[in-house]
Amino acid sequence: MSAAFVSGGVALLYVFIIYRVGALTLIHYVIALVLVIISFPLSRVLLFKEPALNVLIDKDVGLIKFTKNGIFKTNVLEKPFNSLHGVTIKHTEFKMSNPDGVEFVRKIALGHGTVIPGFGLSEHIYSVECIFEHIGDSPENIIIYSSNSEKEAQELADNVLNYIEQEE
């Protein structure tokens with residue numbers, strides 16, 4: 001609902017500004033409609049930080065349901081609970097592949113009196129993955145969370161594992 005108010009506000013602000021500057025024509029109303037169509041899903045994802053993925057583990061039904069919220073479409077993937085082999089944390093490190101280029105850009109930035117914090121440093125990503133039995137050769141991994149904080153990823157993985165292992 002908040003995203004609808006934001007998108008309506010953006011369109012009304014545009015119409016008000018055009019009204020104050022000059023005359024409103026049909027094209028201005030069409031532009032306002034396009035602004036509503038564009039700003040509604042963008043505000044849901046970027047402004048209100050709706051989760052991109054929801055995971056529902058229902059042990060009673062024996063199903064794990066992954067719901068991926070898209071801008072215009074929602075995708076649902078269901079897996080049997082008994083095909084879950086485990087939950088792991090995967091660490092990935094992204095390093096700069098061109099240290100000479102990094103140093104060159106750093107010198108140019110310093111020459112302009114600017115500092116780019118963290119530029120050229122490697123980045124560590126910790127992802128929590130559910131490992132499922134796959135019909136073919138290898139298991140299927142589904143990433144349910146990723147963060148640059150190992151502690152956050154470990155806490156989530158522990159919570160999921162505790163819930164899975166918990167007796168009813």
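Lys65 is located in strand 2, where strands are DSSP runs of E with at least two residues and helices are runs of H or I with at least four, both numbered from the N terminus. The model is predicted, so local features need pLDDT of at least 70 and side-chain atom pairs count only at pLDDT 80 or more, while totals for chains, interfaces and linings use all residues. Residues are numbered from 1 along each chain as its sequence is written, and side-chain values use heavy atoms, with hydrogens and water left out.

Lys65 is partly exposed, with a relative accessible area of 31%; this class lies between buried (under 20%) and exposed (over 50%), computed with a 1.4 Å probe on protein chains only. Leaving aside neighbours within four places in sequence, Lys65 is in contact with Asn54, Val55, Leu56, Val76, Leu77 and Glu78, contact being heavy atoms within 4.5 Å. Its C-alpha atom is separated by 5.8 Å from that of Val55, 10 residues away along the chain.

Strand 2 (residues 63–69) is joined to strand 1 by 6 bridges, and the two run antiparallel; pairing requires at least two DSSP bridges between strands. Within this pair, Leu53 stands opposite Lys68. The open sheet has 3 strands in the order 1-2-3 with antiparallel pairing. Strand 1 (53–58) and strand 3 (74–80) are the edge strands, each pairing on one side only.

Helix 1 (residues 2–21) packs against helix 2 (residues 26–47) at an angle of about 145°, with axes 8 Å apart. Axes are lines fitted to C-alpha atoms, for helices over the stretch in contact, and angles run from 0 to 180 degrees between N-to-C directions.
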